[in-house]
Amino acid sequence: MRCLTPNILVANIHDYFDRIAELVHGTVRTRSWEQQLSPPPHVGKGKITRMRIRPGMEIVVSDMTYERNMKLHIMEACRLFELSYCVSGEIYCEWNGKENWTGSRTGNVLFLENIRVYEEMKAGLRQQLLEVRFAPEELLRYADDASEKQGMEAWIQRHKGSIDPYSDSPAIRKCVSDLIHCTYKGSMKRLYMEGKAMELLALFAEAGGRGPIDGKLVLRRDDIEKLKEVRQWVISRAEHPLSIRELARLARINEFKLKKGFRELFGTTIFELVRQERMERALRFIEIERMNVGEAAVAVGYSNVSNFTTAFRKHYGCNPGEYVRQLHHLDLRQSIEQENNNG
């Protein structure tokens with residue numbers, strides 16, 4: 001019955017989501033750089049979320065239970081490098097006489113170009129899948145010099161025409177969970193997802209992918225000055241953070257060196273610094289400006305108060321509402337003491 005299997009042409013790494021949406025006639029909701037596909041009931045239940053981090057890089061999170069086996073012929077008519085991780089479910093792939101079975105807690109790496117792949121996802125099982133998709137030239141942008149670029153090209157080519165499993169680890173599972181369950185919104189979410197996707201790439205390298213991603217980075221004096229500049233930009237724009245790509249462009253430094261060098265030099269990630277700055281400013285707004293929780297959340301760049309509350313509790317150990325009540329209690333006590341002293 002393979003002749004009845006739908007064909008999908010993927011001419012660009014961002015096409016896959018759009019072709020699936022057209023195929024199932026699902027409902028697509030778009031919010032800036034993020035899209036969510038909900039299929040009709042006869043196809044299945046769940047959702048597929050696509051986050052376009054930038055041209056040539058996207059993250060797709062699928063959480064679907066299909067009514068019937070989902071069978072597709074996918075013509076990958078572009079250069080695609082992908083890291084995927086199956087949290088749960090069962091996926092079968094066949095291409096050029098080769099086969100790959102993917103089950104729960106399995107990660108795959110692939111580099112496909114002008115290859116036709118048959119893919120089948122089993123019905124009745126919850127299919128939870130994370131896919132981080134790159135155009136290979138996007139990865140090569142992380143190379144700092146010709147030697148690194150050559151090493152990375154060899155690393156990518158090793159997986160050409162294949163869908164290869166990579167070693168699982170607790171760190172990889174934690175990173176995948178962070179990506180799937182991210183609760184941030186807006187620019188903060190984009191920055192977080194971008195950073196976590198690159199962390200997954202580094203963890204893959206450490207798990208056996210090899211390449212120039214692991215190891216201690218040697219920073220030159222001008223690199224250190226550029227990273228110090230980046231730190232100031234991050235602090236000054238904490239409410240509306242720039243993406244990794246924008247920061248790298250401003251500093252005239254490659255993105256890999258920016259991310260890894262920033263952590264090595266300052267002992268924190270760009271995302272963590274943004275969150276720290278936001279929390280410190282929120283505390284000042286609550287203490288000095290006497291803003292309520294909602295006002296403070298908006299003032300430091302959070303569109304979702306619950307996300308702000310979670311971040312505040314992680315940083316200070318209590319909910320912002322509790323902190324505001326403590327301030328009001330302190331104000332009341334000081335007011336009573338002042339009245340008694342005046343009396």
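Analyst: Helices (H or I, at least four residues) and strands (E, at least two) are DSSP runs, numbered from the N terminus. The model is predicted, so local features need pLDDT of at least 70 and side-chain atom pairs count only at pLDDT 80 or more, while totals for chains, interfaces and linings use all residues. Residues are numbered from 1 along each chain as its sequence is written, and side-chain values use heavy atoms, with hydrogens and water left out.

Phe 134 belongs to strand β10, which covers residues 126-134. Because its relative accessibility is 1%, Phe 134 counts as buried, a word that stands for under 20% relative accessible area, with exposed meaning over 50% and partly exposed in between (1.4 Å probe, protein chains only). If neighbours within four places in sequence are set aside, Phe 134 is in contact (heavy atoms within 4.5 Å) with Ile 13, Gly 56, Met 57, Arg 79, Leu 80, Phe 81, Leu 139 and Met 198. Gly 151 stands 17 residues from Phe 134 along the chain, and the C-alpha atoms of the two are separated by 17 Å.

On a 1 Å grid over the protein atoms alone, a cavity is a set of points where a 1.4 Å probe fits but cannot get out, and lining residues have an atom within 4 Å of a point. Grid points are joined across faces, edges and corners, and a volume is the space filled by probe spheres set on the points. By these rules the structure holds three cavities of 30 Å³ or more, and the largest cavity takes up about 430 Å³. Its lining is made of 30 residues, and those nearest the centre of the largest cavity are Tyr 16, Glu 82, Glu 119, Leu 129 and Glu 131. Strand β10 is among the elements that give two or more residues to this lining, together with α1 (15-24), β5 (57-66), β6 (70-88), β7 (91-95), β8 (98-102) and β9 (106-121). The most comes from β6, with seven residues.

Terms used: On a 1 Å grid over the protein atoms alone, a cavity is a set of points where a 1.4 Å probe fits but cannot get out, and a pocket is an open set with protein on both sides within 12 Å along at least five of seven lines; lining residues have an atom within 4 Å of a point.
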